[in-house]
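This report describes the fold of one protein chain and the surroundings of selected residues. The sequence and the structure are shown first, and the account follows.

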Amino acid sequence: MKMFVEPERIYLHRDAVDFRKSIDGLVAIVEGELEGKLYHEIGRFEKSIGICHKCEQHHVLTLSDRNFICIACAKQQNRDLSAKKV
């Protein structure tokens, strides 16, 4: 394959790669792993809303429940922010 531009860096990745991501997304994953960061991809249908980010207790929430108090650790949390941290 003939390259018209010399690449700055070439990355080799030993794990399976999801090619549905953009090239910038793939570069961010590889650079993050080189820096020792952890990348974890959550499945599309995996539940992340209603899980306490402190103790990982599962709660049943309705769509109108924006804030909840964990029944295990009594921490008050926002539903959306807690889902982002899990």
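Helix α1 spans residues 23-34 of this predicted model. The helix has twelve residues, and from its first C-alpha to its last it reaches 17 Å, close to the 16 Å expected at 1.5 Å a residue. Four of its residues, Leu 26, Ile 29, Val 30 and Gly 32, are buried. Viewed down the axis of α1, the buried residues fall within an arc of 160°, so they line one face of the helix. The face turned away from that buried side carries Ile 23, Asp 24 and Leu 34, which are exposed. Just after α1, Gly 36 takes a positive phi of about 90°.

**Overall organisation**

The chain contains two helices and two strands. Read from the N terminus on, its elements run α-β-β-α. The chain has 86 residues, of which 17% count as buried. Among contacts between residues at least 6 apart in sequence, 18% join residues at least 24 apart.

**Positive phi outside glycine**

Glu 56 is not a glycine, yet its phi is positive, at about 65°. This residue is placed in the loop between α1 and β1 (67-69). Glu 56 counts as exposed, at 58% relative accessibility. Ala 74, also a residue other than glycine, has a positive phi near 60°. The place of Ala 74 is in the loop between β1 and β2, and the residue is exposed, with a relative accessible area of 58%.

**The cysteine pair**

As to accessibility, Cys 55 is partly exposed, with a relative accessible area of 34%, whereas Cys 70 counts as buried at 3%.

**Gln 77 in strand β2**

Strand β2 comprises residues 76-78 and includes Gln 77. At 4% relative accessibility, Gln 77 counts as buried. Its side chain makes a polar contact of 3.0 Å with the side chain of His 53. Not counting residues up to four places away in sequence, Gln 77 touches Ile 51, Cys 52, His 53, Arg 66, Asn 67, Phe 68, Cys 70 and Ser 82. Cys 70, one of the residues touched by Gln 77, is the buried cysteine described above.

**Arg 79 in helix α2**

Which residues surround Arg 79, leaving aside its neighbours within four places in sequence? Arg 79 is found in helix α2, which covers residues 79-85, and is buried, with a relative accessible area of 8%. Its contacts beyond those neighbours are with Ile 49, Leu 61, Thr 62, Leu 63, Asp 65, Arg 66, Asn 67 and Phe 68. A polar atom of the Arg 79 side chain lies 3.0 Å from the backbone oxygen of Leu 63. The side chain of Arg 79 also makes a polar contact with the side chain of Asp 80, at 3.3 Å. Arg 79 and Ser 48 are 31 residues apart in sequence, and their C-alpha atoms are 9.5 Å apart in space.

**Accessibility of the residues discussed**

The table collects the relative accessible areas given above.

| Residue | Class | Relative accessible area |
|---|---|---|
| Cys 55 | partly exposed | 34% |
| Glu 56 | exposed | 58% |
| Cys 70 | buried | 3% |
| Ala 74 | exposed | 58% |
| Gln 77 | buried | 4% |
| Arg 79 | buried | 8% |

Key: Residues are numbered from 1 along each chain as its sequence is written. This is a predicted model: local features need pLDDT of at least 70, side-chain atom pairs count only at pLDDT 80 or more; totals for chains, interfaces and linings use all residues. Side-chain values use heavy atoms; hydrogens and water are left out. Buried means under 20% relative accessible area, exposed over 50%, partly exposed in between (1.4 Å probe, protein chains only). A polar contact is a pair of N or O atoms within 3.5 Å; within protein, one must be able to donate a hydrogen and the other to accept it, and residues adjacent in sequence count only if both atoms are side-chain atoms. Contact means heavy atoms within 4.5 Å. The expected span of a helix is 1.5 Å times one less than its number of residues. The arc is that of the directions from the helix axis to the C-beta atoms.
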